[in-house]
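The sequence and the structure are shown first, and the description follows.

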Amino acid sequence: MAARLGEILVKENLITQEQLKQALEYQKQHSGRLGTCLVKMGLVTDDEVTAVLSRQYGVPSINLKYYEVDPAVTKLIPQETAIRYQIVPLSRVGSTLTIAMTDPTNVFAMDDIKFMTGFTVEPVVASESAITEAIGKFYGEAQSVQELDKVMKDLAGDETDLELAAEETEVDLQSLEKAAEEAPIIKLVNLILTDSVKRGASDIHIEPYEKEYRVRFRIDGMLQTVMSPPMKLKDAITSRLKIMSKLDISEKRLPQDGRIMIKFTKDGKKKELDFRVSTVPTLYGEKIVMRLLDKENLRLDMTKLGFEQESLTKFEKAILKPYGMVLVTGPTGSGKTNTLYSSVARLNQPDTNIMTAEDPVEFQLPGINQVQMKEQIGLNFASALRAFLRQDPNIILVGEIRDFETAEIAVKAALTGHLVLSTLHTNDAPSTVSRLMNMGIEPFLVATSVHLICAQRLIRRVCASCKEQAEVPEQALVDIGFGPDEAKTVKVMHGKGCATCNNSGYKGRVGLYEVMEITDELRELILVGASALELKKKAIECGMISLRRSGLVKIASGVASIEEVVRETVL
């Protein structure tokens, strides 16, 4: 395009061949479009370049200085997009949107706008300087900043120092980056991140809706709305978080995953925090979810996870075996990763080679070889497992068994002298056996390879600062699983609500565990294809504590409430 524009200007006697050479040299040094460089050098005017571009592309030109845009039309295209593509929306007639552009051949810009608005795009040409001026005039940057300052005053709390642990990568879109780097935006994003740490949140949800922009924290497993920033700040907040997590700020149509590593100063102490960032395009913009990975919250001491003593004894016995498979099951967010990490931390010795395949690697553990999965280049659990078997491992941790291929290799590894630890998504321990068979693993392979299955849930712990005894009828206790004699002596506790627990009655979480050891009697049942119900019955006969029974033990010890146990377990 540059060469053609230069040739046309020479042909029309607006500049000489020598001036074109000078302009091309100037462009090399200062970058930018050739037309803009010629205007800066004073060789041509904006109007002359616009007229030539109009003839060159066969589209009308426009002088934006004398053009007033309807604010309703401006709202159709976010400021971020206007800056990125150097465009200004002018008018809409029916399903046709007219936009002023510096380069009407930019099909990516037109496709993006068509996708974003649902309208047919009709381009007109305007000069770069006129478009930059128009963006400032029509979008009114100052208003957003003033509004944000007001929000910051409303949200003002104690100042916290925050810095990125790794250097930020440079982003091409300088003007958009500049909007995201405005001091108030940085303050607000820092405030969201630090506040989540102070409140003990596990996830941050930043969600755009048609008329609302909402920030929610997941605290002790429950989502709570914490603030609603103005809609105008949506793009700036999104861009800031995407820059921090090294994501592509120009890509808004596809989901992206990244990480923010920050150093955080709290009460004079330096903390390192890791946020796992996920973006998804929704109807009204990108929703961002950040998972907080705080090493201090990772409990590697197995005795503090909430296991009943006999369950813990069985679990430790299984992971200390030289080979076989130990499976941890439960829904997302039930603490499976923590249990597995605690297991490998317990087994981590200088004479042991431990290899893990994870998606994603949540915490870095010293002395353990951790591998991050990358599906897009073919590095999945199955291919990683195959590679591990050539790496002379003693213990293999597979993040999740999702398909037959991964399950088959894991079983073979367990049968050839390796200890394999992994997770599955099933409701309880006995149904895990059926799930493996449904994946295509033969019953005799399941019976011989699997040593133990641990199903788990996380429930909210009754707040220690405000817990008091609750009056519960004996029949209600019998209905949830207590024996008639137990029901007479059990003292049920509940939290009445205080400042410590934010008046919720709960503070922190505790695990419920169902540990099913595969005994010889259970192996015989698996070999004849017994149902999950029959396996459960036999396992309880052999001394297995079910998830509900584990919950009842927690109720009796005053750690859990009836509501939490009933919500997460079944009889």
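## Basis and overall make-up

A residue is called buried when its relative accessible area is under 20%, exposed when it is over 50%, and partly exposed in between, using a 1.4 Å probe and protein chains only. By this rule, buried residues account for 49% of the 571 residues in the protein chain. The model is predicted, so local features need pLDDT of at least 70 and side-chain atom pairs count only at pLDDT 80 or more, while totals for chains, interfaces and linings use all residues. Residues are numbered from 1 along each chain as its sequence is written, and side-chain values use heavy atoms, with hydrogens and water left out.

The protein chain contains 24 helices and 19 strands; these are DSSP runs, numbered from the N terminus, with helices (H or I) of at least four residues and strands (E) of at least two. A contact is defined by heavy atoms within 4.5 Å. Of the contacts between residues at least 6 apart in sequence, 65% join residues at least 24 apart.

## Nonpolar cores

In soluble globular proteins, nonpolar side chains tend to be buried together. A nonpolar core is here a set of buried Ala, Val, Leu, Ile, Met, Phe, Trp, Tyr and Cys residues joined through side-chain atoms within 4.5 Å. The largest such core has 54 residues, and Met325, Leu327, Val450, Ile453, Met516 and Ile555 have the most contacts inside it. Helix H16 (residues 404–415) supplies the largest share of this core, six residues.

Leu327 illustrates these surroundings: apart from neighbours within four places in sequence, Leu327 is in contact with residues including Ile401, Leu424, Leu436, Val450 and Ile453. A second, separate core has 30 residues, among them Leu188, Ile206, Leu247 and Val277.

## Helices and their buried faces

Helix H8 (residues 128–139) has twelve residues and reaches 16 Å from its first C-alpha to its last, close to the 16 Å expected at 1.5 Å a residue; the expected span is 1.5 Å times one less than the number of residues. The buried residues of H8 are Ala130, Ile131, Ala134, Ile135, Phe138 and Tyr139. They lie on the same side of H8, because they cover an arc of only 140 degrees around the axis, where the arc is that of the directions from the helix axis to the C-beta atoms. An α-helix has 3.6 residues a turn, so residues three or four places apart point the same way.

In helix H22 (residues 532–541), the buried residues are Leu535, Lys536 and Ala539. Seen down the axis of H22, they fall within an arc of 100 degrees and so line one face of the helix. Leu533, Lys537 and Glu541 are exposed on the other side of H22. The cover over the buried residues of H22 includes helix H17 (429–439), E19 and helix H21 (520–527). After H22 comes Gly543, whose phi is positive, near 105 degrees.

## Aromatic pairs

Rings of Phe, Tyr and Trp (its six-membered ring) pair if their centres lie within 6.5 Å; planes under 30 degrees apart count as stacked, over 60 as edge-to-face and the rest as tilted. The whole structure holds three aromatic pairs. Phe307 and Tyr513 are stacked, at 3.9 Å centre to centre with 20 degrees between the planes. This pair links distant parts of the chain, 206 residues apart: Phe307 is in the loop between strand E10 (285–293) and helix H13 (309–319), and Tyr513 is in strand E19 (residues 506–517). Phe307 counts as buried at 10% relative accessibility, as does Tyr513 at 3%.

Tyr341 and Phe363 form an edge-to-face pair, 6.0 Å centre to centre and 75 degrees between the planes. Both Tyr341 and Phe363 are buried. One aromatic cluster is formed by Phe307, Phe315 and Tyr513.

## Two arginines

Arg457 is found in strand E16 (residues 450–462) and is buried, with a relative accessible area of 7%. A polar atom of the side chain of Arg457 lies 2.6 Å from the backbone oxygen of Asn427. Leaving out residues up to four places away in sequence, Arg457 touches several residues, including Gly330, Ser334, Asn427 and Glu568.

Arg92, in strand E1 (residues 87–93), counts as partly exposed at 43% relative accessibility. A polar atom of the side chain of Arg92 lies 2.8 Å from the backbone oxygen of Gly94. Beyond four places in sequence, Arg92 touches Val73, Leu76, Leu97 and Phe119. The C-alpha atoms of Arg92 and Val73 are separated by 6.8 Å, and these residues are 19 apart along the chain.

How values were computed. Polar contact = N/O pair within 3.5 Å; in protein donor to acceptor, adjacent residues only side chain to side chain.
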